[in-house]
Amino acid sequence: MTTGGQQQTETQRSGGYFQRHTNPPVFFISMFIALAFLVAGVFFTPATNKAASAALDFFTSNFGWFYILSATLFLGFVVVVMVSRYGRLRLGPDDSRPEYRTLPWFAMLFTAGMGIGLVFFGVYEPPYHMGNAPMITQQGQEAAADAMRYTIFHWGLHPWAIYIVLGLSMGYFCFRKGLPLRPAAGLYPLIGDRIYGWVGHLVDILAVFGTLFGLATSLGLGAQQVNAGLSEVFGLPSNPVVQLAIVALITAVAVVSVMLGIDKGIRRLSVLNMGLALLLMLVVFAVGPKVFIMTGLADYTGSYLSNLVGMSFDTFDPNTSPAAASWQADWTLFYWGWWMSWSPFVGMFIARISYGRTIRQFIAGSLFAPVLASIVWFAVLGGTGLFYQMNGSVDIASAEPEQALFKLLGALPMAGWLVSLLALLTVTTVAIFFATSSDSGSLVVDMLTNGGDPHPIKAQRLFWAVTEGAIAAVLLLVGGATALEALQAASITAGLPFGIVLVLLAFGLAKGLAGERLAASPSADRLITVDARKQGPAEGEPVAHGTTRTSVED
């Protein structure tokens with residue numbers, strides 16, 4: 001019997017370049033949407049901003065409950081799957097083993113999942129919440145602990161649970177069931193071969209939309225922070241022309257990484273980036289208020305964990321609590337929508353690098369290790385920012401987000417040349433975060449537009465890397481921060497429809513796992529698995545774009 005994937009493969013083999021190397025409906029519609037938003041953002045900036053802001057206000061005012069509830073349910077879902085008997089299944093055949101050692105694997109998933117954002121908001125967010133969050137009414141250390149628990153809440157378990165739902169779904173259905181590595185594949189248990197039709201195309205187009213514009217926004221913010229650092233050290237002007245040069249230079253680094261591939265490019269850059277970020281954090285800890293940081297680390301972690309359930313379900317009515325509702329829309333709902341729209345990028349990438357790991361290893365490694373690293377990062381960088389904010393040495397809460405870290409560095413008890421050296425280290429860290437986001441993003445966007453082939457050709461990965469940099473550069477040069485904010489609002493708005501897709505993916509994954517009959521092997525602590533029903537092409541059968549269910553190699 002011929003499946004939809006086999007029919008699509010035969011069509012691609014007999015077609016031209018675009019039939020062989022892309023999924024034409026997804027590729028061309030995605031490019032059209034990208035171009036339309038780019039033109040609108042550049043040439044019709046006020047109208048675009050007005051429309052994006054209106055849509056954002058509508059979704060946060062009327063569907064805030066959905067963001068809050070769904071993100072929390074995703075966390076509960078992945079924890080249940082992790083501790084269940086299905087946690088011993090592998091993302092691949094039963095005899096498959098991981099491609100990457102634990103440290104490079106963690107470095108790649110962490111830099112893809114958080115990246116520039118941790119450096120951008122690491123110092124700024126806790127002091128801002130302490131001075132502006134209407135729920136924080138205490139003073140001193142109590143206020144600092146409350147500010148930090150909200151910060152960790154935004155960067156902790158919930159974001160990674162959102163990523164894991166998509167990543168686990170695609171890793172399971174691609175590597176274990178032989179379906180293409182695309183978000184629509186996770187709907188196979190629910191709609192069957194219709195994933196190859198317009199429903200599947202729509203899901204993949206939504207994923208491209210969120211990924212492409214979310215990435216362009218992130219790259220633009222990173223360029224602004226690099227510019228702020230160079231201005232601090234060398235006195236360079238902070239303007240779109242300098243930021244354009246920054247985008248071009250770092251995109252060139254990303255292009256080199258893309259051409260080298262995952263193993264030689266992204267993996268090495270990610271490990272280097274982790275080392276630089278760790279060095280930055282250790283230096284700040286060494287010269288910062290160590291007792292305050294260590295006391296805060298225990299205090300912040302305990303406050304976060306003890307208030308996790310309450311924060312997970314907190315919603316504020318604009319009619320009865322307008323200030324709290326406004327703050328929640330600006331921060332929590334912003335983040336939850338952002339993570340949902342960002343999930344195709346991170347989810348697909350961590351699925352791509354997690355072949356051979358068990359479901360339990362995948363969830364535990366993706367959920368707990370990055371969260372622990374984020375807590376330590378915020379305790380050191382954000383905690384030091386809180387300390388100097390509280391003693392009046394520097395006003396971080398009133399600074400621009402991209403300048404906050406450099407203002408903190410200037411307040412540390414160090415010689416001027418050490419401050420400049422540390423600022424350069426920060427710039428380098430952000431630049432490499434920029435490069436790793438760009439090259440891994442180009443890989444993901446290409447997989448989304450080529451039908452799910454996990455081995456996209458280098459020419460197309462090069463095309464997407466250059467395109468992402470070009471979008472960020474044009475927005476910075478022509479539209480400035482206003483155009484970036486409009487596209488940021490657009491990508492957040494995409495979080496609602498893709499949030500619905502994530503709910504369906506969770507149901508599809510649950511149904512797929514229920515089709516596994518598990519029997520413990522009497523000779524070893526391993527599983528013998530038998531499909532209760534066929535979910536997709538078996539091992540060795542052709543799937544979309546001529547790929548087969550086999551080991552993934554770059």
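Select helices α4 (45–83) and α14 (308–313): each supplies at least two residues of a nonpolar surface patch. Helices here are DSSP runs (H or I, at least four residues), and strands are E runs of at least two, numbered from the N terminus. This is a predicted model, where local features need pLDDT of at least 70, side-chain atom pairs count only at pLDDT 80 or more, and totals for chains, interfaces and linings use all residues. Residues are numbered from 1 along each chain as its sequence is written, and side-chain values use heavy atoms, with hydrogens and water left out.

**The patch**

α4 gives the most, with 3 residues.

Now pick Val309, in α14. Val309 is exposed, at 60% relative accessible area. Exposed means over 50%, buried under 20%, and partly exposed in between (1.4 Å probe, protein chains only).

**The core**

Move to Leu168, Trp339, Ile363, Leu367, Leu409 and Leu502. These have the most contacts inside the largest nonpolar core, which has 156 residues. Such a core is a set of buried Ala, Val, Leu, Ile, Met, Phe, Trp, Tyr and Cys residues joined through side-chain atoms within 4.5 Å. Helix α15 (residues 322–352) brings the largest share, 16 residues.

Zoom in on Leu168. Beyond four places in sequence, Leu168 touches Val81, Leu91, Ile359, Phe362, Ile363 and Leu509. Contact means heavy atoms within 4.5 Å.

**A buried glycine**

Select Gly499, in helix α20 (residues 495–514). Gly499 is buried, at 0% relative accessible area. Leaving aside neighbours within four places, Gly499 contacts Phe66, Phe74 and Met340. Its C-alpha lies 9.3 Å from that of Ser343, 156 residues apart along the chain.

**Confidence**

Finally, colour by pLDDT, the predictor's confidence in each residue from 0 to 100. The protein's mean is 81, and 84% of its residues reach 70 or more. Helix α10 (residues 188–191) is highest at 95, and strand β2 (residues 527–531) lowest at a mean of 42. Residues 520–554 fall below 50. Where pLDDT is low, the predicted coordinates should not be read in detail.
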